[in-house]
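Q: I have a structure to look at and would like to talk it through. Could we go over its cores and its strands?

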Amino acid sequence: MHTVIEGGPTFAHIHVDLAPGERLTAEADAMASMAADIGMQARLNGGFFGALARRFLGGESLFVNDFENATQATRRLTLTQATPGEIRPVALKQDDGGICLQPGAYIASTPGVEIRLRYAGLASFIGREGLFKLHAVGEGTLWYGAYGSLLEQPVDGEYIVDTGHLVAYDPGLQLKVQLAGGVFASFFGGEGLVTRVEGRGTIILQTRSLSGLAGWLNPRL
């Protein structure tokens, strides 16, 4: 399988060249185009109850699509995400602990990658990061994305992230919610609540947030 990400960082999309017999799983609305003879099968995202949990608790779709090249030649599949922004791949190993994704970040993965739903904690919910998170584990490649550009930030101790900007992080990191500063500065300075990330690892941030875009647009509509 050969993949390349083009159009980034603003309008990123993934070209996937599937060799004969290769398969790929993607979110239900991720396919932008594909060769006419690539096979596509829709299935529930983790079984009936698992799919319901992922849809209503994890922000993902009820169904995922499995794409398979059953021909004797390489065929191309192009994937994208719902919002304009950057897309990144991550190579997972069985013993590396995987990666945690915020709701809506998952785009696609190769066979061998398992997407689990985990409780993120009340702090994550209050901080508008979701009550549940996706935990990707296994062996293979996963693609994720978000609105805006993606920034990688190492954490060794503590780090503050504005709500709605955290995309992915190492599973060993802990999230807590707090005021951005004092009561007056937090609410009248426009920052309100922030997420405090504690531990040692890496976080991925998005430079734009959909809630921020909605807040800017609403008074002008």
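This is a predicted model: local features need pLDDT of at least 70, side-chain atom pairs count only at pLDDT 80 or more; totals for chains, interfaces and linings use all residues.

Q: How many residues does the largest nonpolar core have?
A: The largest nonpolar core has 17 residues. Those with the most contacts inside it are Ile-99, Leu-101, Leu-142, Tyr-144 and Val-167.

Q: Which strands each supply at least two residues of this core?
A: They are strand S8 (87-92), strand S9 (99-101), strand S11 (113-119), strand S12 (132-138), strand S13 (140-145) and strand S15 (166-169).

Q: What does the second, separate core include?
A: That core of 16 residues includes Ala-26, Leu-79, Ile-107 and Ala-108.

Q: Ala-108 again. What stands opposite Ala-108 in S13?
A: Trp-143 stands opposite Ala-108 there; S10 and S13 pair in the antiparallel sense over three bridges. Ala-108 in S10 is also the bridge partner of Ala-26. Strand S3 (residues 23-27) and strand S10 (residues 106-109) run antiparallel and are joined by two bridges.

Q: New topic: what is the order of the open sheet of four strands?
A: The order is S1-S2-S7-S4, with antiparallel pairing. Its edge strands, strand S1 (2-6) and strand S4 (31-34), each pair on one side only.

Q: How many bridges are there between S4 and S7?
A: S4 and strand S7 (residues 75-79) pair over three bridges, in the antiparallel sense. Within S7, Leu-77 stands opposite Met-34.

Technical notes:
Residues are numbered from 1 along each chain as its sequence is written. Side-chain values use heavy atoms; hydrogens and water are left out. A nonpolar core is a set of buried Ala, Val, Leu, Ile, Met, Phe, Trp, Tyr and Cys residues joined through side-chain atoms within 4.5 Å. Buried means under 20% relative accessible area, exposed over 50%, partly exposed in between (1.4 Å probe, protein chains only). Two strands pair if DSSP finds at least two bridges between them.
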